[in-house]
Amino acid sequence: MKIRTIFYLMGQGFMNIIKNQLMSFASITTISACIFMVGIFYTVSVNMDYMLDAIETTMGMTVFFDEGTSEEQIIEIKSLLEARSEVHKVNYISPEEAWTNFKNEYFTGKEDQLAGFEGENPLKDSASLEVYFARLETQKDLVAYIEALPNVRNIRQAEQVVEIMQSFNTLVRYSSLVLVAILLIISIFLISNTIRLGISTRQKEIEIMKYIGAKDAFIKGPFIIEGAIIGIIGTVIPLSIIYVFYERVIEVVTTEFVLISNYLIFMNIMDIYKNLVPMAALFGIMIGLIGSRVTIHKYLKV
Amino acid sequence: MIRLENVTKVYPNGVKALDDVSFEIEKGAFVFIVGNSGSGKSTLIKMLMKEINPTSGSLYVEEKDITKLRRSKIPKLRRSIGVVFQDFRLLEKMTIYNNVAFTLKVTEAPIRTIRRNVPMVLSLVGLSQKANMHPKQLSGGEQQRAALARAIVNNPPILLADEPTGNLDPKTSWEIMKLLLDINLRGTTVVVVTHDKEVVNSMKKRVITLREGRVIRDMQKGDYGYEN
Ligand SMILES: Nc1ncnc2c1ncn2[C@@H]1O[C@H](COP(=O)(O)OP(=O)(O)OP(=O)(O)O)[C@@H](O)[C@H]1O
Ligand SMILES: [Mg+2]
């Protein structure tokens with residue numbers, strides 16, 4: 001096929017959309033809604049993963065030991081834990097450090113109240129290990145393992161935030177999948193109807209093209225291009241909207257949820273878009289092409 | 001150029017439109033096909049265009065059996081056959097020039113060819129002055145000339161005309177027939193389906209007569225031969 005022909009067919013495809021404004025508009029709107037959902041879903045989900053990732057490495061648990069457990073025994077447990085793949089890092093907090101931390105936290109500015117404690121460490125049995133997880137999913141197993149170790153008194157963990165976020169993430173994932181599926185079906189349906197209208201308004205032209213010897217591709221080209229263009233426009237619009245509003249939404253979320261704002265770390269929009277744009281474009285064009293394919297197959301027989 | 005061997009066409013609804021038809025049309029011939037309404041004339045034309053396939057038998061166009069033609073080769077066949085109909089079938093939104101050029105655009109002819117051939121055929125059919133008008137602004141005879149120009153602009157070896165003068169008055173019909181004859185004299189094989197008794201009788205060309213899907217008469221320098 002000649003370049004000139006390709007341009008001609010593209011022009012015809014554009015003409016179809018312009019002539020058929022109402023239906024084209026409806027198709028573009030549903031595709032946009034569909035891609036918008038995909039975009040939101042992806043953005044939220046990718047941010048969640050990102051946050052969970054960050055939390056995983058910052059969050060850990062503290063393991064305390066029975067009275068009289070020696071430093072050597074604790075160090076031994078430390079190296080045992082370090083050998084495990086679920087563990088990212090283990091810090092040994094000596095009784096001295098624990099006491100210093102405690103003092104800093106509770107007695108800063110009230111040093112006079114510490115008079116009775118001089119030369120003595122009230123936390124001399126409070127040596128502990130700070131364990132940081134490599135992966136959150138295996139947190140429960142690790143806890144069970146540690147609880148079974150000798151000399152372990154108790155474990156303090158902070159898993160609630162993580163659990164909430166994980167279940168929220170799952171919820172977002174499933175509900176958007178359902179919505180996307182519904183919108184996808186509506187989009188394909190609307191596009192195929194748009195194309196069908198285009199075919200019927202050009203029935204006479206198509207018939208003439210057939211008997212003057214137009215090739216299949218020549219007759220179908222404008223309609224395939226029409227579908228693809230609808231798909232592309234339907235991708236560009238929602239991605240632009242998300243792009244424009246991303247920063248503002250982050251601002252709102254961070255101010256609304258001050259309490260957990262430490263855990264709210266958002267990705268750069270460009271890092272999200274480098275995957276999302278090609279994915280959405282492919283998806284949008286696919287919807288457009290499938291929509292036109294369905295109709296062309298049914299109504300354009302040479 | 002065109003050869004039918006025992007061609008039978010039964011439509012899905014059971015109507016037998018053609019019944020064991022055989023004949024041959026040589027290169028450069030001018031042939032009339034006549035017959036009552038419903039005798040199968042248009043069915044024959046549609047088959048040559050491979051719009052429909054025969055139920056049995058073979059159809060040869062330029063020595064190729066088109067019943068065995070692959071789908072992807074159909075455009076090539078159609079490019080070798082120009083066709084005109086009773087209702088002209090011009091595209092209203094295009095000028096006459098563009099209607100004629102459409103054939104060449106669709107077949108991806110070089111722009112040079114378009115610029116040369118379109119004015120040439122327009123002058124052949126006598127429409128040079130009306131090239132920039134739209135079909136609606138032309139008389140029936142002029143529209144049929146435009147349709148003829150479109151059919152022959154890419155120099156097909158065969159021209160099929162299905163009742164080309166069906167909508168035209170006798171004088172205009174004669175002009176179209178003369179034009180068909182001119183086209184034939186340039187070497188194109190011309191097949192004309194018609195009900196125009198006067199024309200057939202005075203032109204003294206070969207006449208194939210169909211009745212109920214069968215060839216009942218085939219005469220060189222023939223006449224219309226029966227009353228409608
Ligand atoms: N698509 C079709 N499906 C079923 N029957 C058809 C179809 N086309 C034509 N026929 C029937 O086949 C027979 C031949 O039709 P055809 O159109 O070839 O006749 P014709 O000779 O061209 O007639 P006319 O002079 O009126 O144009 C008729 O009986 C017609 O009803
Ligand atoms: Mg007919």
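This passage describes the two protein chains of a predicted model and the surroundings of its ligand.

The C-alpha trace of chain A spans about 105 × 40 × 30 Å along its principal axes. Its radius of gyration is 31 Å, whereas a compact globule of 302 residues would have a value near 19 Å. Of these 302 residues, 43% count as buried. Chain A exposes about 16700 Å² of surface, and carbon and sulfur atoms supply 64% of that area. Among its contacts with a sequence separation of 6 or more, 85% are accounted for by residues 24 or more positions apart.

A:Ala33 sits in helix α2, which covers residues 21–58 of chain A. The relative accessible area of A:Ala33 is 29%, so this residue counts as partly exposed. From A:Ala33 to A:Val180 there are 147 residues in sequence, yet their C-alpha atoms are 8.6 Å apart in space.

Chain B comes next, with seven helices and 10 strands. Chain B is as compact as a globular protein of its length, because its radius of gyration of 17 Å is close to the 17 Å that the globule rule gives for 228 residues. Taken along the principal axes, the box filled by its C-alpha atoms is roughly 45 × 40 × 35 Å. Buried residues account for 56% of the 228 residues in chain B. The accessible surface of this chain comes to about 10300 Å², and 48% of it belongs to carbon and sulfur atoms. Of the contacts in chain B between residues at least 6 apart in sequence, 67% join residues at least 24 apart.

Ligand 1 can now be placed among the residues of chain B. The shell around ligand 1 has 14 residues, of which B:Ser37, B:Gly38, B:Lys41, B:Ser42 and B:Thr43 come nearest. Several side chains come within polar reach of the ligand. An N or O atom in the side chain of B:Ser37 lies 2.5 Å from an oxygen atom of ligand 1, and a polar side-chain atom of B:Lys41 is 2.7 Å from a ligand oxygen. On the side chain of B:Tyr11, an N or O atom is 3.4 Å from a nitrogen atom of ligand 1. Ligand 1 taken alone exposes 630 Å², and the protein buries 65% of that area.

The loop between β3 (30–35) and α1 of chain B also contains B:Ser39. This serine has a relative accessible area of 2%, under the 20% limit, and B:Ser39 is therefore buried. The side chain of B:Ser39 reaches the backbone oxygen of B:Asn36 at 2.6 Å. Beyond its neighbours within four places in sequence, B:Ser39 is in contact with B:Ala17, B:Leu18, B:Leu210, B:Arg211, B:Glu212 and B:Gly213.

The side chain of B:Glu142 reaches the backbone nitrogen of B:Ser139 at 2.9 Å. With neighbours within four places in sequence left aside, B:Glu142 is in contact with B:Leu127 and B:Lys130.

Most residues other than glycine have a negative phi. B:Asn6, in contrast, has a positive phi near 50 degrees. B:Asn6 is found in strand β1, residues 2–10 of chain B, and is partly exposed with a relative accessible area of 44%. B:Asp20 likewise has a positive phi, near 55 degrees. This aspartate lies in strand β2, residues 16–25 of chain B, and at 40% relative accessibility B:Asp20 counts as partly exposed.

Definitions and conventions: Residues are numbered from 1 along each chain as its sequence is written. Chains are lettered from A and ligands numbered from 1 in the order in which they are written. This is a predicted model: local features need pLDDT of at least 70, side-chain atom pairs count only at pLDDT 80 or more; totals for chains, interfaces and linings use all residues. Side-chain values use heavy atoms; hydrogens and water are left out. A residue is near a molecule or strand if one of its heavy atoms lies within 4 Å of it. A polar contact is a pair of N or O atoms within 3.5 Å; within protein, one must be able to donate a hydrogen and the other to accept it, and residues adjacent in sequence count only if both atoms are side-chain atoms. Accessible areas come from the Shrake-Rupley method with a 1.4 Å probe; for residues, only the protein chains shown count as cover. Helices (H or I, at least four residues) and strands (E, at least two) are DSSP runs, numbered from the N terminus. The radius of gyration is taken over C-alpha atoms; the globule rule is 2.2 Å times the number of residues to the power 0.38. Buried means under 20% relative accessible area, exposed over 50%, partly exposed in between (1.4 Å probe, protein chains only). Contact means heavy atoms within 4.5 Å.
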